[in-house]
Amino acid sequence: HKDIFYLTASEKINSDCYNFVYFKGKIKKNDLNFEKKIIDETCYKTIQSGRMQYLDKFKSLIISSGADILNFKDQSDPKPQNLNSLMGKILLVDLKSDNKTIFSSGHRNILGLVVFDDYILSTENGPKGGDEINLINYGKNYGWPISSYGEKYNSISNKEISYFKSHEDYGFEEPIYSFLPSIGISEIIKLDNKFSKFWNNNFLIGSLNYRHLLRVNFDKKYTKVRYLEKIFIGERIRDLKYSDKKRVIILALEDTGSIGILSNN
């Protein structure tokens with residue numbers, strides 16, 4: 001953001017303890033000197049998520065924290081529903097005071113986050129099925145691990161469901177869209193209208209096991225998907241960025257460990 005570089009990380013304390021931290025450093029011509037900030041001092045065996053964006057309205061960062069699912073055989077970590085825990089949340093981090101506020105709760109593992117105008121959209125990994133696109137609003141709960149349109153990985157029963165098949169009925173926010181089966185959803189970015197006159201008000205979403213880009217258009221209030229186009233890439237897409245100056249889309253391709261460039265030339 002501007003001339004400050006921010007980086008989230010899991011810091012190893014010992015073999016059974018990792019802390020959730022972020023680093024900030026002023027961008028200079030030849031070097032970067034980072035200052036460490038602790039997000040959560042609690043010990044975790046694994047830390048997921050860490051996607052972040054800057055909220056100009058609050059002069060703060062929002063940082064996603066994943067549920068501690070890998071420490072539970074059925075992945076039913078209760079911390080996303082516990083407001084005394086910072087896991088499974090989107091956190092509002094004040095850059096002056098370093099105070100942390102829970103912006104939203106009930107998240108499993110957010111791999112994509114985009115901020116534009118007065119809107120925040122996230123893309124979130126579900127369990128076996130149930131990847132989500134969510135419209136994020138302050139103070140709202142998104143249901144994990146109570147409601148999901150997916151099932152537990154070890155579920156083979158066709159008689160009992162793993163999670164409630166509604167969010168709204170149980171006081172949670174419904175996703176804008178849920179993918180069945182899961183696509184291994186990753187980052188979401190917003191394109192400006194200069195990229196292509198055919199792609200006005202479009203977003204791109206990456207995927208891991210699906211190995212496609214998705215071109216998505218939403219309604220004006222971001223409550224539903226109007227259309228969704230699949231663009232075959234053939235690799236796991238870990239991350240996406242858009243350069244408005246170069247008018248190119250940059251892809252982090254996981255299988256070959258390479259950078260892909262998509263342009264409209």
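Q: On a 1 Å grid over the protein atoms alone, a cavity is a set of points where a 1.4 Å probe fits but cannot get out, while a pocket is an open set with protein on both sides within 12 Å along at least five of seven lines; lining residues have an atom within 4 Å of a point. To how many cavities of 30 Å³ or more does the count come by this rule?

A: Rolling a probe the size of a water molecule over the atoms shows where empty space is left. By this rule the count is two cavities of 30 Å³ or more. The structure is a predicted model in which local features need pLDDT of at least 70 and side-chain atom pairs count only at pLDDT 80 or more, whereas totals for chains, interfaces and linings use all residues. Residues are numbered from 1 along each chain as its sequence is written, and side-chain values use heavy atoms, with hydrogens and water left out.

Q: What volume does the largest cavity have, and which residues are closest to its centre?

A: A volume is the space filled by probe spheres set on the grid points, which are joined across faces, edges and corners. For the largest cavity this volume is about 70 Å³. Its lining has 14 residues, and Glu124, Glu132, Trp144, Ser147 and Ser148 are the closest to the centre. By class (Ala, Val, Leu, Ile, Met, Phe, Trp, Tyr, Cys and Pro are nonpolar; Asp, Glu, Lys and Arg are charged; the others, Gly among them, are polar), this lining divides into three nonpolar, eight polar and three charged residues. The second largest cavity has a volume of about 40 Å³, and the residues lining it include Tyr44, Gln48, Asp68 and Met87.

Q: How much space lies in the largest pocket, and which residues lie nearest its centre?

A: The largest pocket holds about 740 Å³ of space. Of the 27 residues that line this pocket, Met52, Gln53, Leu113, Glu187 and Lys241 lie nearest its centre. Two or more lining residues come from each of β1 (4-14), β4 (49-55), β8 (110-116), β12 (185-190) and β16 (237-243); strands are DSSP runs of E with at least two residues, numbered from the N terminus. The lining comprises 17 nonpolar, four polar and six charged residues.

Q: Which residues lie nearest the centre of the second largest pocket?

A: They are Leu55, Lys57, Asp118, Tyr119 and Ile120, out of 14 lining residues. This pocket has about 270 Å³ of space, and β8 and β9 (119-124) each supply at least two residues of its lining. Nine of the lining residues are nonpolar, one is polar and four are charged.

Q: How many salt bridges does a search of the whole structure find?

A: Side chains of opposite charge can pair when their charged atoms come close. With a salt bridge taken as a side-chain nitrogen of Lys or Arg within 4 Å of a carboxyl oxygen of Asp or Glu, the search finds 15. In one of them, Glu187 pairs with Lys241, and the closest N and O atoms are 3.6 Å apart. This pair links distant parts of the chain, since Glu187 is in strand β12 and Lys241 in strand β16, 54 residues apart.

Q: Is Glu187 buried or partly exposed?

A: Buried means under 20% relative accessible area, exposed over 50%, and partly exposed in between (1.4 Å probe, protein chains only). Glu187 is buried because its relative accessibility is 2%, whereas Lys241, at 41%, is partly exposed. A further salt bridge joins Glu229 to Arg215, with the closest N and O atoms 2.7 Å apart. Glu229 lies in strand β15 and Arg215 in strand β14, 14 residues apart.

Q: Where are peptide bonds cis, and which residues other than glycine have a positive phi?

A: Most residues other than glycine have a negative phi, and most peptide bonds are trans. Here, a cis bond joins Trp144 and Pro145, with omega about 5 degrees, and another runs from Leu180 to Pro181, with omega near 0 degrees. Pro181 is placed in the loop between β11 and β12. Asp117 has a positive phi near 50 degrees; this residue sits in the loop between β8 and β9 and is exposed, at 68% relative accessible area. Tyr222 has a positive phi of about 55 degrees, but Tyr222 is buried, at 12%.

Methods:
Helices (H or I, at least four residues) and strands (E, at least two) are DSSP runs, numbered from the N terminus.
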